[in-house]
Amino acid sequence: AKGCKRFVILVSTKPGQMNIEAAIIVKKKLENSGKVAFIVAANEFSPEKLMGMDFDCYVNCACPRLTDDSEKFGKPIVNPEDL
C-alpha cells in the first residue's frame, strides 16, 4: 500500500460492522499524506460490486474477513492499523 496513491475505504452497513469513525480517521490521514481517498459504504462487498472503480488499494473498515479474500479483488486490501 505504500506506493498506492488512490484509496477506497470500505465501510459495512451491517449492524456490528459499521465503523464509519475509523473510516473518517483513515481518510483524513491518507489525505494529509497527499493521497486520494473515498469512503464507500455497502451491506456487502464483492469484486463485482467494486468493478470499474479506479483505485490502487482498498482499506478495510468493514468485515475483518475481507482482507483474507484480497486475491479475489485484484488489488491490495489493508486494515486501518496496517496503514
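I take a disulfide to be a pair of cysteine sulfur atoms within 2.5 Å. The model I am reading is predicted.

**Entry 1: cysteines.** I looked for disulfides and found zero in the structure. I then checked C57. Its sulfur has its closest cysteine sulfur in C4, at 4.4 Å, which is too far for a bond. Next I looked up accessibility. C57 has 0% relative accessibility, so I note C57 as buried. C61 comes out at 4%, so C61 is buried as well.

**Entry 2: S12.** Where does S12 lie? I find S12 in strand 1, which runs over 6-12. Is S12 buried or exposed? Its relative accessibility is 2%, and buried means under 20%, so I log S12 as buried. I listed its contacts, leaving aside neighbours within four places in sequence. The list reads Q17, M18, A42, N43, F45, C61 and A62.

**Entry 3: P15.** I moved on to the loop between strand 1 and helix 1 (20-32), where P15 lies. P15 has 81% relative accessibility; over 50% is exposed, so I log P15 as exposed. Last, I took a distance from P15 to K27, twelve residues apart along the chain. Their C-alpha atoms are separated by 22 Å.

Terms used
Residues numbered from 1 in each chain as written. Predicted model: local features only at pLDDT ≥ 70, side-chain atom pairs only at ≥ 80, totals over all residues. Heavy atoms only, no water. Helix = DSSP H or I, 4+ residues; strand = E, 2+ residues; numbered from the N terminus. Buried < 20%, exposed > 50% of the residue type's maximum accessible area, 1.4 Å probe, protein only. Contact = heavy atoms within 4.5 Å.
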